Amino acid sequence: MKHILFLPGTMGSHLEEGSNLLGRPKRKWFSIMNKNVRRLAMDDSNKNNRIIPGPPIENGITLVGNMVKDNIIYRQIIDELRSIKKEGYEFKPVGYDWRKNLLTETFSYLDNVISELKSEEIIIVAHSMGGLLTKAYTKLKKGNHNIKQVITIGTPWQGSPDSYNVLLNGVQDRGFFFPDIKTTKYISRTFPSVFQLLPSEKYCKRFSYINDCGKNLSWSESFLKLYDLDDIYFKEGKELNKALYDLIETDWDESIDHHNIVGVKQGTLGTIPFGNSVDENFASVDGDETVPLYSALPPSTSNSKIYYAEASHMGLVKYKPVIELVKNIILDESTSINGITTQYLPKNDWTVVKVDCPVDVYYEKEEEDFDSHKKNMTKVFLGETKYLIQNNEAEQTIEVEAYDEGRTQIEMIVTKDEKIVSKYKYKTIEADPARKALVKLEFDKNEKEFTTEVRLEPEEDSKNEIIVKGINVPLEKKIASVPSTTSQLLAKSGKNIGDHYDEQGAILSLINKGEYVLDTFYKVNNNKWRIYNQEVELLPERDLEYGKNIIQYYSVDIFGNKEKIKSKKIIINSILPKAKFKVKLIPDMPVQLEMESVYEGIKNYKFEYNVNNQEVKSLDKLSTGKAYKISYRITDIFDRRTEWIDFDFNLTKLVDTLWKIDGYQGTFKELIDKAFPYKQEIPIIKIGNSTKGLNEKISNTAKHLSIHYSDIEYDIELVVKMDVYLHYHSEVIKKQDKPIEIKFSVFNINGEQVSDFEPKVIYSYLPVRSENTDIVNPEVKKLNKGIYSFKIQTKFLSSEVKKIKIEFKDTVNSTRSITTKMLILD
């Protein structure tokens with residue numbers, strides 16, 4: 001009996017855990033539910049999961065645009081192998097746990113499967129990683145097996161850069177309807193097999209597949225770069241990779257008849273650009289969309305027969321000529337089949353469309369390719385950057401559809417022998433979920449090259465598409481100097497004086513110098529950066545604020561040279577000037593009252609005042625204890641004048657409530673209701689820099705209060721209740737020839753020492769006979785550790801003086817005493 005075993009590739013077997021109420025296995029792979037798929041992770045959080053392999057996946061589903069479709073995976077080749085009715089043949093599809101180490105756990109699993117077949121002849125048909133598993137198995141068994149024939153299809157004999165991309169960026173839908181990228185990236189970083197599928201050391205000596213900011217990394221460096229990523233759970237990848245390919249690179253056993261089928265003419269990821277680099281380092285190579293041609297060829301071909309088919313990696317196992325070839329090899333029939341060749345000249349020129357943005361990309365014939373064995377275009381997703389590789393000379397249209405806002409950058413790149421021979425960059429497009437960009441590729445048969453045109457769908461209020469301009473990038477020229485952009489602002493109404501513009505707004509023009517300037521960007525204030533294409537109308541309340549606005553701008557050329565950001569100021573005046581009062585209140589000082597524009601940056605208003613029906617030039621002679629009727633009129637820079645505006649100004653209730661010697665004990669709401677009962681607006685209240693709620697209370701130690709309304713702002717110094725401690729340890733003071741030094745410290749109501757103010761001391765000889773001689777205002781000195789001192793003269797005092805009264809004040813100008821102390825004169 002001859003047993004035909006079919007081994008699928010990575011992700012090609014169901015993985016199961018337990019069973020449901022009907023006794024059917026619960027499939028964790030394939031599953032579109034992230035919670036199921038996350039159980040496949042082989043990190044510590046899932047070490048007790050009991051995942052077992054199921055059969056190869058015959059059918060799946062996928063998403064093409066907005067359509068969900070059935071997707072044939074291995075059904076066709078399994079059906080054809082099962083249909084072999086020749087006497088003496090028996091077929092067995094073998095699923096396995098493709099997450100695990102091929103050389104240990106997966107080897108043991110396959111060994112158990114083959115051992116059940118006892119000593120009968122075995123034929124293995126293996127797709128992709130299944131071929132690596134088969135070769136490793138025969139080498140580890142050291143000839144002690146009954147495998148007589150092996151047919152490998154699309155096997156990465158030297159690994160694949162696509163596996164590195166999976167670790168970097170996860171898996172986007174490539175034939176299944178996949179879980180999200182975050183989940184696939186997380187689980188893949190815990191699978192030993194994914195590291196075994198990375199390009200081998202031998203591959204890296206021939207091709208460098210990682211370019212880190214312009215530097216081609218070696219095999220060892222590529223692993224070090226990988227280990228720097230977050231969540232790389234498996235840290236022995238380099239050792240596993242080497243161990244596998246050391247086995248793979250040896251010859252097949254002489255007893256094995258090996259046939260190797262290779263997919264070609266499908267653009268395949270060759271070089272991954274890692275990090276940010278001005279130069280484009282992405283490279284496409286010939287292959288089957290997943291496995292580069294170089295890797296698809298066995299390391300030793302001395303006892304291998306090679307066949308080529310124009311098919312993609314998954315297309316190989318549903319391409320009728322390939323399936324027919326497999327059957328004919330097994331049945332020892334003719335291998336001369338249309339669509340299959342044994343000689344092939346690699347394709348070395350590729351046209352690539354690069355789209356960089358949070359967008360989805362679809363090409364015109366993608367739905368047709370879904371059921372085809374080959375693709376018109378290969379889609380490679382490197383994070384937010386999508387590369388579409390043209391696989392033939394057919395005309396093609398690519399739809400770029402944004403799923404988020406951002407910048408869309410499109411390039412056409414032509415490579416030959418893995419080197420860029422031409423590049424065309426298009427101006428950046430604002431990504432808009434409501435508008436598509438269309439990239440049309442046409443092949444010029446005379447010039448033997450593609451031409452491209454990029455169009456943007458019309459906006460809602462327009463019927464015309466926008467042709468996006470592009471620039472041919474000279475590959476041999478590097479411009480060292482950066483672009484230079486100048487700006488011009490024109491008043492929409494024609495009214496502006498210097499930086500000041502009226503309420504009609506302005507028109508912004510940006511002019512850049514340089515032959516190779518690609519894009520110019522601008523932004524107003526803290527809004528997002530926008531692409532400048534033509535004159536921009538900037539309007540108040542849409543683009544601009546009344547008052548000061550900052551416009552920033554810069555340009556970038558096709559070589560990546562970026563201009564230093566420049567800025568321009570524009571001040572927008574409202575149709576009539578509008579101002580607010582600013583009141584500063586300091587205990588025992590006159591009111592500091594002034595007016596200014598409510599708009600930041602407008603400082604040239606002219607104010608006229610009347611106070612209690614008398615014209616005044618300023619508002620600097622008002623008292624907190626009186627009520628005033630203030631009238632004012634404002635003239636702006638354009639000589640536009642308001643009518644006279646009346647304002648009642650009375651601070652009596654406010655200061656009487658706040659400036660009590662014991663401090664204010666109520667809530668802010670109670671204060672507002674008492675001091676400003678006529679105000680409907682809720683003010684912004686701050687103690688220091690901390691914003692407070694209406695129901696909060698003023699702290700006993702608060703020093704500064706701000707109450708800000710839209711038309712008036714109060715900044716108030718508060719009276720803090722304090723007490724004084726005398727370092728003079730007796731209430732009796734003796735007359736001395738020398739001045740007596742009195743030291744004291746000041747404490748707030750919480751017992752905390754206060755040392756950040758300038759106290760005033762007044763002492764009086766009692767009884768007071770003369771204010772000139774008996775009331776003294778001594779100098780107060782600040783010592784270390786928050787201690788203050790002053791001196792008392794007692795030498796010439798008469799016997800009538802019996803006591804000395806000392807008053808302590810919180811400021812030099814204060815009329816209130818912190819406290820009073822009494823000393824007895826002996």
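Cys357 counts as buried, at 3% relative accessibility; buried means under 20% relative accessible area, exposed over 50% and partly exposed in between, with a 1.4 Å probe and protein chains only. The model is predicted: local features need pLDDT of at least 70, side-chain atom pairs count only at pLDDT 80 or more, and totals for chains, interfaces and linings use all residues. Residues are numbered from 1 along each chain as its sequence is written, and side-chain values use heavy atoms, with hydrogens and water left out.

**Cysteines**

The structure holds zero disulfides, a disulfide being a pair of cysteine sulfur atoms within 2.5 Å. Cys204 is in no disulfide, and the nearest cysteine sulfur, that of Cys213, is 18 Å away. Cys204 is also buried, with a relative accessible area of 14%.

**Overall form**

The protein chain contains 16 helices and 56 strands; helices (H or I, at least four residues) and strands (E, at least two) are DSSP runs, numbered from the N terminus. Its radius of gyration is 42 Å, well over the 28 Å that the globule rule gives for 826 residues, so the chain is more spread out than a compact globule. That radius is taken over C-alpha atoms, and the globule rule is 2.2 Å times the number of residues to the power 0.38. Along the principal axes, the C-alpha atoms fill a box of roughly 140 × 70 × 55 Å. Of the 826 residues, 51% count as buried. Among contacts with a separation of 6 or more, 66% come from residues 24 or more positions apart, where contact means heavy atoms within 4.5 Å.

**Strand pairing**

| Strand pair | Bridges | Bridge partners |
|---|---|---|
| β31 (506-513) and β34 | three bridges | Ala506 and Leu538 |
| β43 (684-687) and β45 (704-708) | four bridges | Lys686 and Ser706 |
| β45 and β46 (712-717) | five bridges | His708 and Glu713 |

Notes:
Two strands pair if DSSP finds at least two bridges between them.
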